[in-house]
Amino acid sequence: MKVLYLSKALVVGSYQTKMEALARQPEIDLVAAVPPVWKDERGETTLERAHLEGYRLRVVPMRFNGSFHGHYYPSIARVLDEEAPDLFHIDEEPYNLGAFHAAWHARRRSIPFLFLTWQNLFRRYPPPFNWMERWLYRRTSHAIAGNREAAQVLRRKGYSGTIEVIPQFGVDPASFPPRPTPHARGQVPVIGYAGRFVPEKGLAVLLKALAGLRALPWELELRGSGPQRAELDALAAQLGVGDRVRVQPPLPSTRMSEFYHEIDIFVLPSRTMPNWKEQFGRVLIEAMVSGVTVVGSDSGEIPHVIGDAGLVTPEGDAPSLCHALERLLTSPGLRAELAAAGRQRVLDHFTQAAIATQTAALYREMLGCATPS
């Protein structure tokens, strides 16, 4: 079975371990088509050639790079002709031009395709995006939803095909070994966050929660970038905790384990907005498999990711987050218990190998192939 896998997300080197895991599945010949760079509000992410074993990576140009709804791959027809895949995996939302353009060319060549959706809010899109969305719904038998609510949204919008809930990416445990204990910074617990500095990530809530814990020893390390940086600096100073907060630039995906080895507690305090809800929170599973205790809000998919292997607090509720962090800061035993449970939860459910196995099973179902013994 030859599979062409189109994904802008694969510019991130650590995500490529999923391709290696897929390529190890029986009878799969895998080609990944990836742009040379992807642009978003954080800037440009240039293709990291980090994990390329067992499959072939093709770099394909992208037009309107940085436009989430409007980007597309002008050479995808030629790629389909040259590769002649049995199945085309389009790692794009069905209402995007990139998904429609790629699917239209696959349809002309009678190549079955599937799409991915993370969209966990029910939203109506204006023409032509709603036209493209409905066109894809009618012409593919299978879809992947990255979370439970996204599957519900697909059904509500009228998609009648098979839906499998499979996260887009998991983690490779070998890339995130458990952190050494104790870490180099001694006895002061370090709380961490990594990602975008934007209001929906709830970092202002985190700072307000920590302001209520000034009597306890802690440090906060924020790794990332984004438009809220100056506002967060000002708020930390206003709350009297600026001297305990360190802001560091983002790390390449292949070096994120260094960050997790520096912290004791990872917090993802996301807040649901009218146009956004946390769709997964991959940094949570990276922290968990690294042996770091996690705390998350109840926005979107976060509670389903954490399960009973961490603490979950109401989104936007600084006093509740303060209480959860106080429990962890004053109980090293609870931290250790949850850290061990978190690592095991990822090993059981969220490895790249587990996700590759589920994805390959879906491919075989689409093509009517028997599962290899």
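**Helix packing and its surroundings**

Author: The crossing of α9 and α12 is left-handed. The model in which this crossing is described is a predicted one. Two packed helices are described by the angle between their axes and the distance between the axes. Here helix α9 spans residues 282-289 and helix α12 spans residues 332-349; their axes come within 7 Å and cross at roughly 115°. On the α9 side, Ile 285, Met 288 and Val 289 make the contact. The α12 side contributes Ala 339, Gly 342, Arg 343, Arg 345, Val 346 and Leu 347. By type, the residues of this contact comprise six nonpolar, one polar and two charged.

Helix α12 also takes part in the surroundings of α11, being among the elements against which the buried residues of α11 pack. Helix α11 covers residues 318-329, 12 residues in total, and reaches 16 Å from its first C-alpha to its last, close to the 16 Å expected at 1.5 Å a residue. Its buried residues are Ala 318, Leu 321, Cys 322, Ala 324, Leu 325, Leu 328 and Leu 329. Viewed down the axis of α11, these buried residues fall within an arc of 165°, so they line one face of the helix. An α-helix has 3.6 residues a turn, so residues three or four places apart point the same way. On the face of α11 turned away from the buried side are the exposed residues Pro 319 and His 323. Besides α12, the partners of the buried residues include helix α6 (203-211) and the strands β10 (190-196), β13 (265-268), β14 (293-297) and β15 (311-313).

Ala 150, Ala 151, Val 153 and Leu 154 are its buried residues. Down the axis of α5 they fall within an arc of 160°, and therefore line one face of the helix. The face turned away from them carries Gln 152 and Arg 156, which are exposed. The buried residues of α5 pack against β7 (113-117), α4 (129-139), β8 and β9 (162-165).

Strand β8 runs over residues 142-145 and holds His 142. With a relative accessible area of 7%, His 142 is buried, because the cut-off for that class is under 20%. Apart from neighbours within four places in sequence, His 142 is in contact with Phe 113, Leu 114, Phe 115, Tyr 159, Thr 162, Leu 362, Glu 365 and Met 366.

The backbone geometry remains. Most residues other than glycine have a negative phi, and most peptide bonds are trans. Pro 127 and Pro 128, however, are joined by a cis peptide bond, with omega about 5°. Pro 128 belongs to the loop between β7 and α4. Ser 110, in the loop between α3 (97-108) and β7, has a phi near 60°, a positive value in a residue other than glycine. Its relative accessibility is 66%, and Ser 110 therefore counts as exposed. Phe 64 likewise has a positive phi near 60° and is found in the loop between β5 (56-59) and α2 (76-83). At a relative accessible area of 53%, Phe 64 is exposed.

Key. Residues are numbered from 1 along each chain as its sequence is written. This is a predicted model: local features need pLDDT of at least 70, side-chain atom pairs count only at pLDDT 80 or more; totals for chains, interfaces and linings use all residues. Side-chain values use heavy atoms; hydrogens and water are left out. Axes are lines fitted to C-alpha atoms, for helices over the stretch in contact, and angles run from 0 to 180 degrees between N-to-C directions. Helices (H or I, at least four residues) and strands (E, at least two) are DSSP runs, numbered from the N terminus. A crossing is left-handed if the near helix is turned anticlockwise from the far one by less than a right angle, and right-handed if clockwise. Contact means heavy atoms within 4.5 Å. Ala, Val, Leu, Ile, Met, Phe, Trp, Tyr, Cys and Pro count as nonpolar, Asp, Glu, Lys and Arg as charged, and the others, Gly among them, as polar. Buried means under 20% relative accessible area, exposed over 50%, partly exposed in between (1.4 Å probe, protein chains only). The expected span of a helix is 1.5 Å times one less than its number of residues. The arc is that of the directions from the helix axis to the C-beta atoms.
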